[in-house]
Amino acid sequence: MVTKTEESQVNRLENQVDNGGGGAWEYLCLVRKLKVRRSDKVLKHGLSILNDPKKRSTLGPDEWTLYEQVAVAAMDCHTLDVAKDCIKVLQKKFPESKRVGRLEAMLLEAKGSWAEAEKAYSSLLEENPLDQVIHKRMVAMARAQGNISGAIEWLNKYLEIFMADHDAWRELAEIYASLQMYKQAAFCYEELILSQPTVSLYHLSYADVLYTLGGLENIQTAKKYYSSTVELTGGKNIRALFGICLCSAAIAQLAKGRSKEEKESPELHSLAALALEKDYKQRAPGKLPLLITTLKSLKIS
Amino acid sequence: MGLGFFVGVFGVLILSHAAYSTIQYRSLLKIMEEEFSGPPMNVVAELLLGLVLCMWAGLTVPGQFLSIHPDSDDNRIVSLPANLDFMIFNHRGKVFASEMDMKLKH
């Protein structure tokens with residue numbers, strides 16, 4: 001999870017490193033810790049450390065972690081020569097290591113030789129059938145080849161064994177959402193909210209999915225989850241505020257025919273609109289008229 | 001650390017002095033054969049002062065307080081980590097070959 005402070009810290013360090021201010025190693029550590037995907041920067045700055053023998057020797061045993069990080073970043077940037085060299089160095093240092101074996105299989109994957117990669121992964125799985133990362137790589141590989149239904153099948157099998165793995169639940173939710181299978185995606189997000197109830201972004205995604213599903217009941221639930229997002233973020237999530245406005249408008253439209261439905265409180269809607277206006281006034285005054293006309297059109301419909 | 005730590009030590013010393021004077025007072029009462037009605041004023045004052053000093057030291061020495069509000073900047077999650085275990089490599093980046101000629105030199 002990347003909090004606001006950590007995000008600004010990463011951005012500050014990245015700026016500093018890009019402008020030659022030093023601190024490359026701290027930046028790389030932070031990127032690794034927060035698991036953000038900034039492969040081009042990692043490749044550039046990681047290589048500059050690895051190519052400097054003096055800097056490299058000060059790292060001590062962390063040097064090998066850096067090799068691994070740079071190798072993965074290089075694969076992501078499709079500079080396969082660098083990845084190959086890094087893996088070669090690691091292979092020399094740690095022969096017989098499964099972690100290096102995994103990197104080699106990933107290199108095959110990056111090259112696009114799927115059959116060989118799959119063979120490498122399955123031989124690794126034979127040695128250790130409960131290696132979570134390799135199971136995940138199998139899923140990713142199926143997805144990379146465009147075999148989405150295969151990926152879903154793998155992922156479901158994986159989640160039957162490792163039910164507490166929220167990253168996998170999130171991946172499954174995203175795959176389902178990309179296939180417009182919103183009911184299944186909603187189930188995954190429910191699972192995520194259950195396991196990590198304080199993460200506002202899961203509430204937000206769940207509300208998004210419910211709103212997309214449509215129907216009065218779903219939209220009412222979506223509004224509740226947008227509200228819980230607002231509560232967890234202290235009203236600093238613009239998307240949730242817009243979501244409340246949209247849900248209120250949709251509910252008003254859907255409930256027009258049925259007067260027996262209990263009246264929704266109008267306060268939430270107007271408060272969300274107020275918060276939006278305040279935020280726009282502060283951060284993007286130029287866009288304020290646009291926002292006001294949008295909100296007006298929502299209120300009428 | 002410095003100031004808070006010494007204040008804490010001073011508070012503990014005051015508390016032990018209070019204990020010592022209480023014991024002394026009890027033995028004095030035994031000699032004078034009087035009933036124990038309550039601790040003397042100076043012991044009570046010492047106890048209160050020791051309490052305040054120790055509490056202040058205990059709150060400042062261990063470190064800064066962390067926010068427990070879910071919406072504070074320290075706790076508010078703005079983005080989820082990229083799912084690196086599920087990273088796939090055949091994306092648009094392939095088309096944009098990196099402009100630098102990067103090489104691992106050894």
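Predicted model: local features only at pLDDT ≥ 70, side-chain atom pairs only at ≥ 80, totals over all residues.
Me: Which strands pair, and in what sense?
Reply: Strand β1 of chain A (residues 2-3) pairs with strand β1 of chain B (residues 77-79). The pairing is antiparallel and runs over two bridges. To find the place by eye, look for A:Val2, which stands opposite B:Ser79.

Me: How do I read a UniProt feature on the model?
Reply: Take the residue range from the record, then see what the chain does there. For chain B, an unreviewed UniProt entry lists residues 42-61 as "transmembrane region". In the model that stretch of chain B is 95% helix and 0% strand, with its end C-alpha atoms 28 Å apart.

Me: What does UniProt place at residues 100-209 of chain A?
Reply: Here the unreviewed entry gives "domain: EMC2 TPR-like". Residues 100-209 of chain A are 82% helix and 0% strand, and the C-alpha atoms at the ends are 39 Å apart.

Me: Now the helices. How do I describe two that pack together?
Reply: The general idea is to give two values, the angle between the axes and the distance between them. The crossing of α9(A) past α10(A) is left-handed.

Me: Which residues of α9(A) and α10(A) meet?
Reply: From α9(A) come A:His135, A:Met138, A:Val139, A:Ala142 and A:Arg143, and among their partners in α10(A) are A:Trp154, A:Leu155 and A:Tyr158. By class, this contact has eight nonpolar residues, two polar and one charged.

Me: What are the values for α14 and α15 of chain A?
Reply: Helix α14 (residues 216-233) and helix α15 (residues 238-254) of chain A cross at roughly 155 degrees, and their axes come within 9 Å. The two helices are therefore roughly antiparallel to each other. α14(A) also passes α15(A) in a left-handed crossing. Their contact includes A:Leu216, A:Ile219 and A:Tyr226 of α14(A), and A:Leu241, A:Ile244 and A:Leu254 of α15(A). Twelve nonpolar, six polar and one charged residues make up this contact.

Me: At what angle do α3 and α5 of chain A pack?
Reply: Helix α3 (residues 39-50) and helix α5 (residues 62-76) of chain A pack at about 135 degrees, with their axes 8 Å apart. That angle makes α3(A) oblique to α5(A). The crossing of α3(A) past α5(A) is left-handed. To see where they meet, look for residues including A:Val42, A:Leu43 and A:Leu47 in α3(A), and A:Leu66, A:Val70 and A:Ala73 in α5(A). Ten residues of this contact are nonpolar, three are polar and one is charged.

Key: Residues numbered from 1 in each chain as written. Chains lettered and ligands numbered in written order. Pairing = 2+ DSSP bridges. Helix = DSSP H or I, 4+ residues; strand = E, 2+ residues; numbered from the N terminus. UniProt positions renumbered as here; feature names shortened; annotations may be inferred. Axes fitted to C-alpha atoms, helices over the stretch in contact; angles between N-to-C directions. Parallel < 35°, antiparallel > 145°, perpendicular 65-115°, else oblique. Left-handed = near helix turned anticlockwise from the far one by under 90°. Contact = placed C-beta atoms within 7 Å. Nonpolar A, V, L, I, M, F, W, Y, C, P; charged D, E, K, R; others polar.
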